[in-house]
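Here are my notes on the two-chain structure you sent over. Please read them with the coordinates open.

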Amino acid sequence: MANSYLNSESKKLATWYFTVAATLFGAQLLFGLVAAIQYVVPSFLFEILDFSVARMLHINALVVWMVFAMFGAVYWLLPDETGIETVGIGFGKLLFWIFTAAITVVVLVYIFVQVGSADEMSIWFIHEGREYIEAPRWADLGITVVALGFVANLFMTGMKGNRSGIVTVLMADMIAFAGLYLTGMFFTDNISVDQFWWWWVIHLWVEATWEVYVGALAAYGLITMIGAHRKVVEMWLWIEVSMLFGSGILGMGHHYFWIGTPEYWWEIGALFSALEPLPLVAMFIHVLYDWGKTQGEEHAKGQNRSVITNKPAFTWFVINAFGNFLGAGIWGFFHTLPQVNLYTHGTQFTSAHGHLAFFGAYATILIGMMYIAVQGKNGIKVLNHTKSSIWATSMIVGGVLGMTVALTIAGYVQVLVSRAQMGATWSGYFDGQAGTWFAQGMDWRLIMGFVTFTGFLFLIKDLLSIGKATHHAR
Amino acid sequence: MVNEVLMTQDILVEDFLTIFISSTLVLVFGGFYVGIYTAVKVKMLKKWTLPFGYLFWILTSYCLYLMGSLMHVNELTAKALVVAAIGLLLLPHAVYYMQDRVHEENEH
């Protein structure tokens with residue numbers, strides 16, 4: 001497709017990243033559907049694409065599409081924030097192709113090879129067996145090189161151009177983001193030690209560095225989409241950064257309750273987990289405040305026009321504020337204290353939280369960034385909704401909420417039957433899953449998965465066609 | 001000590017639903033409090049609605065208390081929950097104060 005309105009190579013590269021991200025997003029949903037069907041019809045694709053493989057593809061595609069979209073979003077905003085072209089953009093493009101090729105090979109190996117013998121060969125060439133980051137070691141090394149190259153692009157551009165508050169936060173955050181990946185790369189034969197370090201990647205990504213990244217993107221979005229005052233937005237960003245790191249880093253303790261780490265983690269995890277919703281509430285105020293204030297200023301001038309210049313993107317940003325609060329906040333908080341986590345750990349509660357938190361906190365804002373890119377690519381001043389964008393938003397949000405409620409009900413059955421009544425025994429595990437409420441929860445999760453996937457198809461159609469619609473202001 | 005708290009004070013089966021609902025309401029009511037406070041400050045709601053915001057904060061605190069009691073949290077966690085409740089009360093005030101000052105500096 002022609003990039004006629006894009007005069008920045010960095011923004012062109014961003015659209016490439018978004019394209020791969022959207023493709024992997026589709027793969028994530030597709031393999032999620034396969035796994036959801038297998039819960040209801042266990043023989044589905046048995047010994048062809050088993051549940052363990054479908055689930056692995058589902059959750060790894062999730063992480064990778066988000067990383068692609070995150071890189072894309074940074075390449076998109078860098079020229080706007082720094083006032084210059086991204087330094088080393090040719091190298092950035094080369095890294096994009098390496099990253100895409102590596103991920104393609106990894107996915108093909110997951111699908112066609114699936115498992116290997118329990119030796120170093122499998123770790124190097126099939127997968128490492130660590131949830132969410134199962135890439136084999138050769139790909140791990142490749143991803144590290146790509147991530148470091150991306151950080152180098154970001155740092156060189158930030159140091160040469162105008163270093164705004166948003167860019168400064170991103171520079172610090174992305175080096176932590178890339179560095180933390182290293183803690184999930186080495187092998188230990190002690191599962192507690194292995195899990196201890198593995199959580200440094202997963203937790204410190206999603207509850208620290210990724211949340212800070214979202215804060216920076218929200219700041220960029222508020223400035224570009226509603227014309228919020230940069231000074232206010234950036235001041236607020238620093239508050240969010242301190243609150244997120246202040247509660248999020250040691251909030252990691254809630255993952256250390258039952259993996260063989262010392263008991264003092266129960267206290268640390270409880271204390272900081274109780275504080276973790278506060279920055280999410282704060283981020284929620286941030287969007288409401290800036291939107292209300294900027295629109296109020298416009299009304300004070302006697303103008304009734306909306307201040308929003310990209311309605312689909314802003315819708316996703318607002319959903320992000322709510323979704324982060326709901327998924328990471330509410331669904332996280334009600335099973336974060338060790339006294340209740342003893343019963344909920346590893347049940348469908350975790351899955352409900354995971355679905356709504358990843359969607360609410362990250363997928364939403366990254367989809368919003370894709371719409372910002374579509375607007376820029378098509379030279380549109382005010383991008384309005386289309387029928388497809390409304391259908392996509394409604395079906396994806398409705399579908400994910402539906403899956404979350406279904407999984408929560410299923411998890412509640414597990415907590416009561418498998419854990420509280422039958423004491424986490426082997427028979428309790430199966431009795432919990434045999435219950436009608438659990439089974440119906442799985443049925444509804446599948447139905448809502450289909451709703452989400454249909455919404456995704458609308459989203460792709462919209463991203464490809466919304467730029468050509470004639471009702472936008474150009 | 002921690003061991004005793006977790007292993008000897010089990011949660012009653014009939015209390016789980018109350019725990020999950022009250023912990024959900026902690027953030028739902030907390031969200032209403034923050035939302036009403038912010039909306040009043042940016043003049044999207046009338047000033048007289050502000051007491052309802054504080055009422056929601058009181059409900060948040062009650063839900064935290066209820067949740068903590070039914071979970072039999074230990075002393076340190078109970079203190080953490082009190083700090084979280086007070087933090088939630090103060091947070092919108094502090095944020096609004098700072099945002100307003102920055103706006104003033106920006107506009108005058």
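Predicted model: local features only at pLDDT ≥ 70, side-chain atom pairs only at ≥ 80, totals over all residues.

The numbered points below go from the chains to their interface, then to single residues.

1. Local features are discussed only where pLDDT is at least 70. Totals for chains and interfaces take in all residues.

2. Chain A, overall. Chain A has 16 helices and 0 strands. Its radius of gyration is 22 Å, close to the 23 Å that the globule rule gives for 474 residues, so chain A is as compact as a globular protein of that length. The C-alpha trace of chain A spans about 65 × 50 × 45 Å along its principal axes.

3. Chain A, burial and contact range. Of its 474 residues, 56% count as buried. Take the contacts in chain A between residues at least 6 apart in sequence: 79% of them join residues at least 24 apart.

4. Chain B, overall. Chain B has 4 helices and 0 strands. From the N terminus on, its elements run α-α-α-α. Of the 108 residues of chain B, 35% count as buried. Among its contacts between residues at least 6 apart in sequence, 67% join residues at least 24 apart.

5. The interface. How many residues of chain B are in contact with chain A? There are 40, and they meet 39 residues of chain A. On the chain B side, helix H1 (2-8), helix H2 (16-41) and helix H4 (75-107) each supply at least two residues. H4(B) gives the most, with 15 residues. By class, the side of chain B that touches chain A has 26 nonpolar, 13 polar and 1 charged residues.

6. H10(A) and H2(B) pack with their axes 10 Å apart, at an angle of about 30 degrees. Angles under 35 degrees count as roughly parallel, so H10(A) is roughly parallel to H2(B). The crossing of H10(A) past H2(B) is right-handed. From H10(A), the contact is made by A:Pro277, A:Val281, A:Phe284, A:Ile285, A:Leu288, A:Tyr289 and A:Gly292. From H2(B), it is made by B:Leu27, B:Gly30, B:Gly31, B:Val34, B:Gly35, B:Thr38 and B:Ala39. By class, this contact has 9 nonpolar, 5 polar and no charged residues.

7. A helix pair inside chain A. Helix H7 (residues 191-226) and helix H11 (residues 311-333) of chain A have axes that come within 11 Å and cross at roughly 145 degrees. The crossing of H7(A) and H11(A) is left-handed. H7(A) brings A:Ala218, A:Gly221 and A:Met225 to the contact. H11(A) brings A:Ala313, A:Phe314 and A:Phe317. The class count for the contact of H7(A) with H11(A) is 5 nonpolar, 1 polar and no charged residues.

8. A:Leu280. This residue lies in helix H10 (residues 277-300) of chain A. Is A:Leu280 buried or exposed? A:Leu280 is buried, because 28 other C-beta atoms lie within 10 Å, and the cut-off for burial is 20 or more. Not counting residues up to four places away in sequence, A:Leu280 touches A:Asn324, A:Phe325, A:Ala328 and A:Gly329. A:Leu280 and A:Glu211 are 69 residues apart along the chain, yet their C-alpha atoms are separated by 9.0 Å.

9. The loop between H1 and H2 of chain A. Which residue in the loop between helix H1 (9-40) and helix H2 (51-82) of chain A deserves a check? A:Leu45 is one of its residues. A:Leu45 has a positive phi of about 55 degrees although it is not a glycine. With 15 C-beta neighbours inside 10 Å, A:Leu45 counts as partly exposed. A:Glu47 is in the loop between H1 and H2 as well. A:Glu47 is not a glycine either, and its phi is positive, about 65 degrees. A:Glu47 counts as exposed, because it has 6 C-beta neighbours inside 10 Å.

10. B:Glu105. This residue is found in helix H4 of chain B. B:Glu105 counts as exposed, with 12 C-beta neighbours inside 10 Å. That count qualifies because a residue with 12 or fewer is exposed. B:Glu105 and B:Leu89 are 16 residues apart in sequence, and 26 Å apart in space, C-alpha to C-alpha.

Notes. Residues numbered from 1 in each chain as written. Chains lettered and ligands numbered in written order. Contact = placed C-beta atoms within 7 Å. Nonpolar A, V, L, I, M, F, W, Y, C, P; charged D, E, K, R; others polar. Axes fitted to C-alpha atoms, helices over the stretch in contact; angles between N-to-C directions. Left-handed = near helix turned anticlockwise from the far one by under 90°. Parallel < 35°, antiparallel > 145°, perpendicular 65-115°, else oblique. Rg over C-alpha atoms; globule rule 2.2 N^0.38 Å.
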